[in-house]
Amino acid sequence: MNEDRVPISANLESLLNKYKKLKGRYKTILDLAGKILFELDNAGSDRLIKALLEEKIRVAERIQLDTDELTVHPIPQNEIINAQIVKEAKEIIAEIKIMLGELYEREETISEMLKKRGF
């Protein structure tokens, strides 16, 4: 096997893994928003709601860092990209967009409920 091909293959897999991790973080933040809504809707404790909000902020900060990294270095220099990699990345991005739509809806509801509750 040609030694030059191994790093390229590993880097491409790493690129997709970055997108997959980002998608996982969006799923996490969406799940946290759902838990916050549940607690707000069922008169959960302020302490638990605050802890969930803090965790959501931590995940959001990590998403921002990951997104910034992908923006600054979308593809390592001299990287070879094939159609399959592009297709998989597009699918992941499409899934993230769907999650973002759901997240925005939940965030509006959370904001309204927090205001009513006096947060």
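The legends below describe close-up views of a predicted model.

**View 1. Helix 3 and its buried residues.** Helix 3 runs over residues 83–117. This helix has 35 residues, and the distance from its first C-alpha to its last is 50 Å, close to the 51 Å expected at 1.5 Å a residue. The buried residues of helix 3 are I85, A89, I92, I96, M99, L103, I110 and L114. An α-helix has 3.6 residues a turn, so residues three or four places apart point the same way. Just after helix 3, G118 adopts a positive phi of about 90°.

**View 2. The crossing of helix 2 and helix 3.** Two packed helices are described by the angle between their axes and the distance between the axes. Here the axis of helix 2, residues 46–72, comes within 14 Å of the axis of helix 3, and the two cross at roughly 145°. The crossing is left-handed. On the side of helix 2, the contact is made by D46, I49, L53 and K56, while helix 3 contributes E107, L114 and R117. These residues of the contact comprise 3 nonpolar, no polar and 4 charged.

**View 3. The largest nonpolar core.** In soluble globular proteins, nonpolar side chains tend to be buried together. The largest nonpolar core of this model holds 26 residues, and Y26 and I110 have the most contacts inside it. Helix 1 (5–41), helix 2 and helix 3 are the elements that each give two or more residues to this core. Helix 1 gives the most, with 12 residues.

**View 4. The surroundings of I110.** I110 is one of the buried residues of helix 3. Which residues does I110 contact, leaving aside its neighbours within four places in sequence? They are A33, I36, L37 and L40.

**View 5. E105 on helix 3.** Is E105 buried or exposed? Its relative accessible area is 58%, and E105 is therefore exposed, since the cut-off for this class is over 50%. The C-alpha atom of E105 is separated by 9.9 Å from that of A33, although the two residues are 72 residues apart along the chain.

**View 6. D66 on helix 2.** D66 has a relative accessibility of 13% and counts as buried, because buried means under 20%. Not counting residues up to four places away in sequence, D66 touches L22 and R25.

Key. Residues numbered from 1 in each chain as written. Predicted model: local features only at pLDDT ≥ 70, side-chain atom pairs only at ≥ 80, totals over all residues. Heavy atoms only, no water. Axes fitted to C-alpha atoms, helices over the stretch in contact; angles between N-to-C directions. Helix = DSSP H or I, 4+ residues; strand = E, 2+ residues; numbered from the N terminus. Left-handed = near helix turned anticlockwise from the far one by under 90°. Contact = heavy atoms within 4.5 Å. Nonpolar A, V, L, I, M, F, W, Y, C, P; charged D, E, K, R; others polar. Buried < 20%, exposed > 50% of the residue type's maximum accessible area, 1.4 Å probe, protein only. Core = buried A, V, L, I, M, F, W, Y, C linked by side-chain atoms within 4.5 Å. Expected span 1.5 Å × (residues − 1).
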